Amino acid sequence: MPIYEYYCSGCNTIYQFLVRGERKEIKCPKCGNGNLERVMSQFSTASSNSKSDDDLAADMADIDENDPRSMAKAVRRMADDMGEDLGPELEHALERLEAGEDPEKVERELEEMGFGEDGALPSSAPGRDPGLY
Ligand SMILES: [Zn+2]
C-alpha cells in the first residue's frame, strides 16, 4: 500500500498518509488544513534532510558554548546544511557573536524578536510526524 508524504504549512510538519484506493481528500490530522503539499520521497535522493541524527549530534559536539565565534560558525554551518536562509536578523546576530559579543545577550534579543529559546536557528525546517494517517 502506498505511503505518501504531505507537508502542512500550518503545522510546519510532514505527515505520512497511507493511501487506500481512491482518497478524495488529504487533510492535516492536527489542524485540519486541506491544502497540503505533496512531498516527494527522499529515500532515493541525496537530500540534505537525509542527514542522520548522529551527524547532527557530531556537529553539535564541535560547538564550544563558551566561544561565541564557534557557536556562530556552527549555526551558519547547520543553516547551510539545511539550505536555510538565515534572514537579516539572524545574520546580524551572528555577526555580533563573531565580533565577540555576549552570546546570552544576543540570544535574549533574538528571543524578544520572536525566535524562540531553542537557539538561534529559525524554525522553518519542517518537523516530521511519526504517525501514519
Ligand atoms: Zn496542520
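Helix axes here are lines fitted to C-alpha atoms over the stretch in contact, and angles run from 0 to 180 degrees between N-to-C directions. Keep that in mind for the helix pair.

First, the ground rules. This is a predicted model: local features need pLDDT of at least 70, side-chain atom pairs count only at pLDDT 80 or more, and totals for chains, interfaces and linings use all residues. Residues are numbered from 1 along each chain as its sequence is written.

Now the layout. The protein has four helices and four strands. Helices (H or I, at least four residues) and strands (E, at least two) are DSSP runs, numbered from the N terminus. The order along the sequence is β-β-β-α-α-α-α-β.

On to the helix pair. Helix α3 covers residues 87-98 and helix α4 covers residues 103-112. They pack at about 170 degrees, with axes 10 Å apart. That makes α3 roughly antiparallel to α4, a label for angles over 145 degrees. Who makes the contact? From α3, A93, R96 and L97; from α4, P103, V106 and L110. Contact means C-beta atoms, placed from the backbone, within 7 Å. Five of these residues are nonpolar, none is polar and one is charged. For the classes, Ala, Val, Leu, Ile, Met, Phe, Trp, Tyr, Cys and Pro count as nonpolar, Asp, Glu, Lys and Arg as charged, and the others, Gly among them, as polar.

Stay with V106. Leaving out residues up to four places away in sequence, V106 touches A93, R96, L97 and E101.

V106 also belongs to the largest nonpolar core, 10 residues in all. Helices α2 (68-81) and α3 each give two or more residues. The largest share, five residues, comes from α2.

How much of the protein is buried? Of 133 residues, 13%. The cut-offs: buried is 20 or more other C-beta atoms within 10 Å, exposed is 12 or fewer, and partly exposed is in between.

Strand β4, residues 127-132, has zero of its six residues buried, so it lies largely in the open. β4 pairs with β2 in the parallel sense over three bridges; pairing takes at least two DSSP bridges. Q16 has L132 of β4 as its bridge partner.

Last, N12. N12 sits in the loop between β1 (3-8) and β2 (13-18). N12 counts as exposed because it has 12 C-beta neighbours inside 10 Å. Its phi is near 55 degrees, a positive value in a residue other than glycine. Most residues other than glycine have a negative phi.

Conventions:
Angles under 35 degrees count as roughly parallel, over 145 as roughly antiparallel, 65 to 115 as roughly perpendicular and the rest as oblique. Two residues are in contact if their C-beta atoms, placed from the backbone, lie within 7 Å. A nonpolar core is a set of buried Ala, Val, Leu, Ile, Met, Phe, Trp, Tyr and Cys residues joined through C-beta atoms within 7 Å.
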